[in-house]
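The following exercises are to be worked through with the sequence and the structure at hand. Each task is followed by a solution in steps.

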Amino acid sequence: MNEMKPNIKIPSETNIQLAAELLRQGKLVAIPTETVYGLGADAKNPEAIKRIFAAKDRPADHPLIVHIPDKAALTDWVIDIPEVAWKLAEHYWPGPLTLVLKKHSDVPMEVTGGQNTVALRVPNHPVALSLLKAFGGGIAAPSANRFCRISPTQASHVEEELGDKVDMILDGGACQVGLESTIVDLSGDQPRLLRPGQISKAEIESVLQQPLLLPEAYEKIHAPGMMEVHYAPITKTLLCTQDQLRGIFQDDTFKHQNKIGILSFGREINSGSFDKIIVMPVTVNDYGQLLYSKLRELDNAELDLILAEQPPQTSEWLPINDRLKKAAKQWVEDFQSKSV
Ligand code: TXA
Ligand code: MG
């Protein structure tokens, strides 16, 4: 398996022990989680953390998420743990929820980008959990992509993004959730949603029995997931409604001058009219699981333009619309000025 890609390893017991040893040596190991693949390093080793930033080309003031084996480990990383943190941890861990809390004094500033809070989660993936157990410490891991690029949801994507900048990639198959975790900040007076994800605002509010503030009001801290341009393909990507898509569909000159790829929302489209068509599922979880790998596939197809048909603008689709909007953000002006 993967003869051409020596960095990608099957998650055998031996390879997990090897990966734990690499982490102890301050090296980088890409780990599968249920959300996306993470670029992992020993969270207590500042030199190893610096390697993450170098490999990703990520600015040093952007904080990382620390992955821990279980909720009991929370006390190693944070202080003043509010009751609501235990409640959410109890309810959702292991799972795609990250909690931001006040950091313990021995959490390196390199991990938190200089802030006095730290982001933590227990990933729900057997390989990540086995590695955490074998390693015996916290693993700091941002998504294993280059800064501002599409997050990897398969081992081969990590190889494509980082190549030999990572010392080992543990292959845990395709990620089940496919979108980054929901982030909730519990370090202030009131809980606040920093990044939408599969676990929704409403679900969290029902566990907390109190409202969750939205990120808009959050005075700009260093949160790359909240930057305007993020998760972006290299190919120009535009979001469009069904009507706009139909307009382009009928414009032969435009179609002939451009190699166009379509990310369709559940609709079969006449394949003769465009260069590449991907029909997405119409259920949120299935769509989320495939989004990044399909965007990546379109991005690798040497197209001039990717047109992504908008899913419904409902709260259920919020995390997906959030990612799509960010993927297309840098080209929005173009689309508005074009008569399609
Ligand atoms: O699903 C996920 O969360 C994946 C997997 C690998 O666990 N990780 C991930 O990491 O998406 P990354 O680095 O791509 O995104 C981390 C997010 C950023 O939006 C960052 O700003 C936020 O977590 N974050 C980390 N520490 C924070 C802190 N102390 N305060 C506020 N936001 C923080
Ligand atoms: Mg990321």
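**Exercise 1.** At roughly what angle do the axes of helix α10 (residues 284–299) and helix α11 (residues 318–328) cross?

*Solution.* The model under study is predicted.
Step 1. The axes of α10 and α11 cross at roughly 20° and come within 10 Å.
Step 2. Angles under 35 degrees count as roughly parallel, and α10 is therefore roughly parallel to α11.
Step 3. As for handedness, α10 passes α11 in a left-handed crossing.

**Exercise 2.** Describe how helix α3 (residues 83–92) packs with helix α7 (residues 201–208).

*Solution.* Step 1. Two packed helices are described by the angle between their axes and the distance between the axes.
Step 1. For α3 and α7, the angle is about 120° and the axes are 10 Å apart.
Step 2. The range from 65 to 115 degrees counts as roughly perpendicular, and only angles over 145 count as roughly antiparallel; α3 and α7 are therefore oblique to each other.
Step 3. The crossing in which α3 passes α7 is right-handed.

**Exercise 3.** Identify which residues come nearest to ligand 1, and characterise the shell around ligand 1.

*Solution.* Step 1. There are 26 residues around ligand 1, of which Thr35, His67, Ser143, Ser181 and Arg195 come nearest.
Step 1. The shell around ligand 1 consists of 14 nonpolar, 8 polar and 4 charged residues.
Step 2. At least two residues of this shell come from each of β4 (65–67), β6 (117–121) and β10 (192–195). The largest share, 4 residues, is supplied by β6.

**Exercise 4.** Which atoms of ligand 1 lie 2.9 Å from a polar side-chain atom of Thr117 and of Arg195?

*Solution.* Step 1. For Thr117, the atom of ligand 1 at 2.9 Å is a nitrogen.
Step 1. For Arg195, the ligand 1 atom at 2.9 Å is an oxygen.

Terms used
Residues are numbered from 1 along each chain as its sequence is written. Chains are lettered from A and ligands numbered from 1 in the order in which they are written. This is a predicted model: local features need pLDDT of at least 70, side-chain atom pairs count only at pLDDT 80 or more; totals for chains, interfaces and linings use all residues. Side-chain values use heavy atoms; hydrogens and water are left out. A residue is near a molecule or strand if one of its heavy atoms lies within 4 Å of it. A polar contact is a pair of N or O atoms within 3.5 Å; within protein, one must be able to donate a hydrogen and the other to accept it, and residues adjacent in sequence count only if both atoms are side-chain atoms. Ala, Val, Leu, Ile, Met, Phe, Trp, Tyr, Cys and Pro count as nonpolar, Asp, Glu, Lys and Arg as charged, and the others, Gly among them, as polar. Axes are lines fitted to C-alpha atoms, for helices over the stretch in contact, and angles run from 0 to 180 degrees between N-to-C directions. A crossing is left-handed if the near helix is turned anticlockwise from the far one by less than a right angle, and right-handed if clockwise.
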